[in-house]
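Here are my notes on the model you sent. Please read them with the structure open.

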Number of protein chains: 2
Amino acid sequence: MNISMKINGYLVLFVLAIAFMPSAVLADPLPSWNDGQAKNAILSFVANITNTNSPNYVEPSGRIATFDNDGTLWCEYPDYVQSLFMLDRIRDMAPAHSEWNDTEPFSSIISGKRSATESFSTKEAMQIYIATSVNLTADEYMGLARDWLSSSNNSEMGLPHAKCVYKPMLELLSYLRENGFKTYIVTGGDEDFVRSFSSEVYAIPPEQVIGSAFKLQYVENNSSCYLVKLPEILVVDDGQEKPKEIEQNIGLRPILAYGNSDGDISMLKFATSGDRYSLGLLSRHDDPVREFAYNNTTAVGKLDKGLALAGQWGWQVVSMKDDWREIF
Amino acid sequence: MNISMKINGYLVLFVLAIAFMPSAVLADPLPSWNDGQAKNAILSFVANITNTNSPNYVEPSGRIATFDNDGTLWCEYPDYVQSLFMLDRIRDMAPAHSEWNDTEPFSSIISGKRSATESFSTKEAMQIYIATSVNLTADEYMGLARDWLSSSNNSEMGLPHAKCVYKPMLELLSYLRENGFKTYIVTGGDEDFVRSFSSEVYAIPPEQVIGSAFKLQYVENNSSCYLVKLPEILVVDDGQEKPKEIEQNIGLRPILAYGNSDGDISMLKFATSGDRYSLGLLSRHDDPVREFAYNNTTAVGKLDKGLALAGQWGWQVVSMKDDWREIF
């Protein structure tokens with residue numbers, strides 16, 4: 001064996017060593033998470049389901065993780081981003097809808113009397129959702145959403161909404177994908193609204209975004225054909241609709257589910273049901289300095305039932321104040 | 001430079017050469033396809049959309065291909081496989097349903113008077129579909145489907161249904177995936193029926209199977225929760241429902257769509273709409289010796305409208321007789 005062969009041999013060994021070294025040894029995959037119960041639960045869960053010698057090993061095809069969006073991946077306070085978008089759309093559309101001047105809920109949006117999600121009834125919220133979506137194609141709707149997102153800020157943070165995304169959650173999404181997971185968003189928000197930024201902001205492609213949606217109409221116009229949103233809501237993807245939509249769209253039970261409000265309870269129950277080895281997580285908005293502290297106190301992001309169930313169901317409650325070293 | 005370094009240098013060059021050699025040079029990716037217009041259209045389409053120097057280059061994220069199942073990927077003659085499954089289910093369930101003995105369409109299934117899809121009206125077919133699905137979870141339904149598939153043959157071919165899969169289509173699915181495509185099934189058949197074998201038979205995971213489906217009920221039972229099929233059909237995924245389901249589930253327009261009947265026309269139009277560079281394909285069942293010759297002559301697999309539109313829309317019509325060197 002000459003010196004060159006020896007050097008090559010060492011090189012091969014070194015490359016092999018790197019290739020088979022668990023990624024955690026190379027670097028902390030979740031640097032924005034403080035050491036503690038939540039971070040340990042995540043690391044040990046992923047270590048287990050990727051370890052072929054573990055009784056809890058899961059084939060890559062079964063590594064499905066589902067995430068709520070508003071309040072889980074990005075800020076939902078002082079209001080849902082999509083609500084702000086819809087209210088601005090109503091104001092933009094108003095000149096072409098003189099009938100709105102004396103029709104609620106539109107008239108009080110135009111006059112500025114009401115401007116927050118919680119000031120509208122569910123029925124009114126649906127009227128607003130329909131009025132701002134109807135007759136649009138998904139491409140047109142996403143174009144409007146992208147334009148609006150590029151010019152609107154979170155009023156409290158003073159930052160574009162796409163910058164009000166939680167760094168620890170981006171790390172978690174990447175870490176899961178590096179470990180063979182398919183990461184999905186399962187949102188009460190509009191599917192196309194979230195699809196308009198999910199690839200760019202979360203590296204989650206449109207086919208892995210499941211959300212609220214309209215019935216569609218098929219339209220053919222010479223050699224062009226497309227689909228437009230009808231004024232009829234197909235699904236409001238919240239609460240018990242989340243597991244249903246997961247079953248219809250994915251056909252597999254997630255092994256990890258992450259939310260932040262009572263609307264996510266059914267999704268977490270579905271993922272962590274029975275004896276299967278799984279991980280459910282809930283973020284608490286309890287950091288008034290770096291983000292907001294509003295948990296189980298406001299309609300947006302209410303989590304009282306979820307916190308009450310966490311112990312019994314074995315869910316990890318993630319304190320944004322204590323568990324996250326950095327938030328943005 | 002000593003001899004060992006030289007050998008290593010050559011080795012590196014050789015490995016690099018293999019790595020960067022277009023796969024077509026190494027081996028024909030579609031060996032079961034005869035040279036001809038259809039095969040050329042596929043090869044040139046894939047070469048173009050994967051060539052970063054081509055004006056028709058498509059990023060991997062946009063490489064979506066959608067396939068019909070019955071008659072496109074596997075045999076649908078002498079009858080739809082799922083119909084045979086449902087009729088056997090009715091006969092299996094009959095002892096617990098004495099009321100079926102004098103209720104159509106069940107009584108004539110039990111008596112053997114009717115045993116083919118075309119002998120039932122659409123309404124009756126839906127009654128059969130509901131009766132054989134209701135109250136089951138997806139897992140239970142898929143278990144029944146798998147058991148049945150493992151013990152049932154195509155009566156004309158004398159082979160299990162999962163062996164009546166077209167080899168040229170398996171090659172095409174693999175070839176597209178090797179070139180960065182996500183391959184989807186968009187079927188009029190039940191989503192769970194097709195999911196019960198799609199991973200094993202087509203290497204297509206459940207989340208890439210879109211099909212007909214039921215409304216679901218969320219059920220919680222102590223610490224276990226699951227979804228059961230309600231006696232209400234959510235979608236029959238055929239005709240214009242196909243593009244709608246594609247938009248809801250994928251959120252991207254396919255650049256390649258492949259079908260074999262008039263129920264696939266809207267999906268092909270959606271994929272090949274307007275001026276976008278895309279490929280639509282339709283298989284013709286015109287080989288009475290190696291498979292069947294029934295195109296545009298029977299209710300199952302009727303394709304008269306599709307053939308009439310193919311020229312105008314630029315779709316490739318694939319003759320199973322002439323374009324396929326091997327079928328199974």
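1. Basis. This is a predicted model, in which local features need pLDDT of at least 70, side-chain atom pairs count only at pLDDT 80 or more, and totals for chains, interfaces and linings use all residues. Residues are numbered from 1 along each chain as its sequence is written, chains are lettered from A and ligands numbered from 1 in the order in which they are written, and side-chain values use heavy atoms, with hydrogens and water left out.

2. Chain A overall. The secondary structure comes to 13 helices and nine strands. Both are DSSP runs, numbered from the N terminus: helices are H or I with at least four residues, strands E with at least two. The C-alpha trace spans about 90 × 55 × 40 Å along its principal axes. Of the 328 residues, 52% count as buried (under 20% relative accessible area; exposed is over 50%, partly exposed in between; 1.4 Å probe, protein chains only). Among contacts (heavy atoms within 4.5 Å) with a separation of 6 or more, 66% join residues 24 or more positions apart.

3. Helices α3 and α8 of chain A. Two packed helices are described by the angle between their axes and the distance between the axes. Here α3 (residues 37–49) and α8 (residues 167–178) come within 11 Å and cross at roughly 15°. Axes are lines fitted to C-alpha atoms, for helices over the stretch in contact, and angles run from 0 to 180 degrees between N-to-C directions. α3(A) and α8(A) are therefore roughly parallel (angles under 35 degrees; over 145 is roughly antiparallel, 65 to 115 roughly perpendicular, the rest oblique). The contact is made by A:I42, A:L43 and A:V46 of α3(A) with A:L172, A:Y175 and A:L176 of α8(A). By class that is six nonpolar, no polar and no charged residues. Ala, Val, Leu, Ile, Met, Phe, Trp, Tyr, Cys and Pro count as nonpolar, Asp, Glu, Lys and Arg as charged, and the others, Gly among them, as polar.

4. Helices α4 and α7 of chain A. α4 (residues 81–93) packs on α7 (residues 138–149) at about 100°, with the axes 11 Å apart. That makes α4(A) roughly perpendicular to α7(A). Residues in the contact include A:V81, A:L84 and A:F85 of α4(A) and A:Y141, A:L144 and A:W148 of α7(A). The class count is eight nonpolar, one polar and two charged residues.

5. A:H161. This residue sits in the loop between β3 (159–160) and α8 of chain A. A:H161 is buried, at a relative accessible area of 3%. Leaving aside neighbours within four places in sequence, its contacts include A:V81, A:L84, A:W148 and A:L149.

6. A:P243. The residue lies in helix α10 (residues 241–249) of chain A. A:P243 is buried, with a relative accessible area of 0%. Beyond neighbours within four places in sequence, A:P243 touches A:S266, A:M267, A:F270, B:Y218 and B:L227.

7. Interface. The contact takes 42 residues from chain A and 42 residues from chain B. The chains bury about 3500 Å² between them, 49% of it on carbon and sulfur atoms. Buried area is the accessible area (1.4 Å probe) that two parts lose on being put together, summed over both. A:E207, A:Y218 and A:Q248 supply 20% of the area that chain A buries against chain B, more than any other three residues.

8. Helix α10 of chain B. Eight of the nine residues of α10 (residues 241–249) are buried. Among them are B:P243, B:I246 and B:Q248. B:G251 follows α10(B), with a positive phi near 75°.
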